[in-house]
Amino acid sequence: MRVLAAMSGGVDSAVAAALAVDAGHDVTGVHLALSPDRQTLRSGARGCCSVEDAHDARRVADELGIPFYVWDLAERFTEDVVEDFVAEYAAGRTPNPCLRCNEKIKFTAVLDRALALGFDAVVTGHHARLEGGRLRRSVDAAKDQSYVLGVLTPRQLAGAVFPLGSMTKERVRAIAAERGFAVATKPDSHDICFIPDGDTRGFLTRRLGTAPGPVVDAATGATVGTHEGTHGFTVGQRRGLGIAVGDQRPRYVLSIEPVTRTVTVGTAELAGVAEVRTGRPTWIGAAPQLPLRAEVQLRAHATAVPCTVTAGPDGGLVIALDEAQRGVAPGQSAVLYAPDPERGDLVLGQGTVSS
């Protein structure tokens, strides 16, 4: 099989490319340049896709003896991921840019170009498993990335290869070390790649400006603070609220209203939600018959919880949670799983949280 290995410059994509070579595939490596100013995209373990990362990827490709190219997708990434991120926060929602990058960049822009160039599939270092076109959780639960892949369609998954899904991250680093890859001990990138300093609020303020408004306590209706823009908050947030309340009980963001510039906060009892509504879902495979018992993961690093899924009146989903959950933010993905401890939980599909 002729495959294109997406090589970020990290240890996961390096080992994925190496395993594709070992499997006898005709492998070509490609690094994605996703910013016009790539010198600004890494700060220690934060960020990715910098010139340093491109050099790391090229060194691995050289050691594997495979062709290597850099594809400039900065304009597409800015439009489909960065601008979407800013627009969602401006609208009071909380997007997941890694999910959007997988959906719009890696498995649309890159996959489409790869197929047009005669490649059969794209190999990535994602920690997830593919079996018969179905997506399952990784063996390594701590590194599982099926959540941010849950938005992919059957066509996109048909063009994907995930060699790392059946091994732990510890094993991945061991393989890299055995091969002498310099990236064997390279820290994993984390946070948002285009915000390498980790200051999301500062990034959004530079893009959106300030728009002062009140922070209101849901229980009393009293104004307990002010803010410089609703884009600095996400539902479920506890820290950095800048408020003063008399009882000293922790407050959480309950809702965000960009039009009135109001951020509403409340105590833990008010922060839990027992029902989640989504927009129109995407399914991996045939749409299941509803109502459906499943498990749902509501954030990238959250624990999945049992739920009952029914059809909503607008073509979306209504997800009744067995246990109330905090931090369920509009704009996030609700990924549905069929539990399977032996073979890995099966991803059924997802919908974007609307309320």
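User: Let's begin at β6: in which sense does it pair with β9, and over how many bridges?

Analyst: This is a predicted model, and in it strand β6, residues 121-123, pairs with β9 in the parallel sense over two bridges. Within β9, A160 is the bridge partner of V122.

User: What is the strand order in the open sheet?

Analyst: The order is β5-β2-β1-β6-β9, an open sheet of five strands with parallel pairing. Because β5 (68-72) and β9 (160-161) each have a single partner strand, they stand at the edges, and one side of each is left without a neighbour in the sheet.

User: Switching to helices, which strands does α1 lie across?

Analyst: Helix α1, residues 11-22, lies across β1 (2-6), β2 (26-33) and β6, and runs at about 165 degrees to β1. Helix α2, residues 51-64, also packs on the sheet, where α2 touches β2 and β5, and its direction makes about 150 degrees with that of β5.

User: And the largest nonpolar core, which residues have the most contacts inside it?

Analyst: Those are M7, V15, V60, L64 and F181, in a core of 27 residues. At least two residues of this core come from each of β1, α1, α2, β6 and α7 (169-178), and the largest share, seven residues, is supplied by α1.

User: What does L64 touch, leaving out residues up to four places away in sequence?

Analyst: With those left out, L64 touches A14, A17, A18, R179 and F181. Apart from this core lies another one, of 26 residues, which includes W71, F77, A114 and F194.

Note on methods:
Residues numbered from 1 in each chain as written. Predicted model: local features only at pLDDT ≥ 70, side-chain atom pairs only at ≥ 80, totals over all residues. Heavy atoms only, no water. Pairing = 2+ DSSP bridges. Helix = DSSP H or I, 4+ residues; strand = E, 2+ residues; numbered from the N terminus. Contact = heavy atoms within 4.5 Å. Axes fitted to C-alpha atoms, helices over the stretch in contact; angles between N-to-C directions. Core = buried A, V, L, I, M, F, W, Y, C linked by side-chain atoms within 4.5 Å. Buried < 20%, exposed > 50% of the residue type's maximum accessible area, 1.4 Å probe, protein only.
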